[in-house]
Amino acid sequence: MTGLLEIGGLAVHHGQLAALSDVDVSVAEGETLAVIGANGAGKSTLLRTIAGVLRPTAGTIRLAGADITRMPAHRRVAAGIALVPEGRRLFASLTVEENLRTGQYARRAGPWTLAAVMELFPWLPERRYQPAYQLSGGEAQAVAIGRALLANPRLLLLDEISLGLAPSVVRRVYRALPDILAAGTTVLVVEQDVAQALRVADRVQCLLAGRTVLSGRPAELTTTAVEQAYFGTVREGR
């Protein structure tokens with residue numbers, strides 16, 4: 001696997017508050033990296049900064065070797081980054097299909113078409129003309145993922161996609177992940193559900209108060225080490 005995303009020394013501030021401090025992230029082509037951590041750890045800030053919604057105060061972000069640190073968000077979509085935001089953020093008054101098609105605004109060439117997304121989530125065709133406000137949480141999450149895929153991203157950012165969903169619904173949503181990876185998309189997923197993150201990820205990185213405190217492959221990380229990093233009872237960098 002070759003490097004796709006390389007982040008070095010990233011710092012992000014919300015006013016005087018340091019949300020991220022000296023964070024390094026590396027994601028290889030075709031890999032799934034899960035970033036875990038408690039509320040306020042900086043996970044969503046990391047994804048929003050990669051997507052270009054937030055500007056870093058220090059550090060660099062490279063996509064396939066190109067420096068995109070100062071690139072505006074709309075150009076990052078065209079470069080191959082798509083974000084599925086926390087809370088789905090669908091257009092409630094638009095139909096399912098209309099919401100999906102908004103993802104095609106700055107699409108790249110690639111395998112993801114409306115038909116391919118409909119195949120990924122087989123219930124979509126019969127609901128395509130239904131207003132988004134009538135969808136369940138799990139259905140809305142699937143539409144949000146489909147919308148991002150229609151941009152044909154090289155890197156798909158998934159922010160807390162299990163938030164507010166029943167475990168059985170979360171499993172159904174994550175069931176689509178192997179097909180997404182098989183289509184050539186690299187995935188960076190932010191999760192509070194540690195067990196789910198460990199199941200789907202090739203590597204895991206734990207943030208605490210805006211800093212990386214643990215990283216490694218799931219098989220290499222003990223339950224105790226993960227718990228200590230998550231709750232802040234392990235020394236930084238261990």
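1. Strand β7 is joined by five bridges to strand β8 (residues 186-191), and the two run parallel. Within this pairing, T186 of β8 is the bridge partner of L155. The model discussed here is a predicted one.

2. On β6, the pairing with β7 is also in the parallel sense, and it extends over four bridges. Here I81 is the residue that stands opposite L155 of β7.

3. How much of β7 is buried? Five of the five residues of this strand (residues 155-159) are buried, so β7 is largely enclosed by the rest of the structure. In a regular strand, side chains alternate between the two faces of the sheet. In β7 both faces are covered: one side carries L155, L157 and D159, the other L156 and L158, and all of these are buried.

4. A further sheet should be read separately. It is open, has four strands in the order β2-β1-β4-β5, and its pairing is antiparallel. The edges are taken by β2 (17-28) and β5 (66-67); each has a single partner strand, so one side of each is left without a neighbour in the sheet.

5. Inside that order, β1 (residues 3-14) and β4 (residues 58-63) run antiparallel and are joined by five bridges. One point of contact to look up is A11, whose bridge partner in β4 is A58.

6. The largest pocket has a volume of about 660 Å³. It is lined by 23 residues, and those closest to its centre are V53, V77, L83, P85 and R147. By class, the lining consists of 13 nonpolar, four polar and six charged residues.

7. Which elements supply the lining of the largest pocket? At least two residues each come from α1 (43-51), α2 (73-79), β6 (81-84) and α6 (137-149). The largest share, four residues, is that of α2.

8. The structure holds one aromatic pair. Y230 and F231 form this pair, which is edge-to-face, with 5.1 Å centre to centre and 65° between the planes. Planes over 60 degrees apart count as edge-to-face, which is why the pair is classed this way.

How values were computed: Residues numbered from 1 in each chain as written. Predicted model: local features only at pLDDT ≥ 70, side-chain atom pairs only at ≥ 80, totals over all residues. Heavy atoms only, no water. Phe/Tyr/Trp six-rings, centres within 6.5 Å; stacked < 30°, edge-to-face > 60°. 1 Å grid on protein atoms, 1.4 Å probe; cavity = no way out; pocket = protein on both sides within 12 Å on 5 of 7 lines; lining within 4 Å. Points joined across faces, edges and corners; volume = space filled by probe spheres on them. Nonpolar A, V, L, I, M, F, W, Y, C, P; charged D, E, K, R; others polar. Pairing = 2+ DSSP bridges. Buried < 20%, exposed > 50% of the residue type's maximum accessible area, 1.4 Å probe, protein only.
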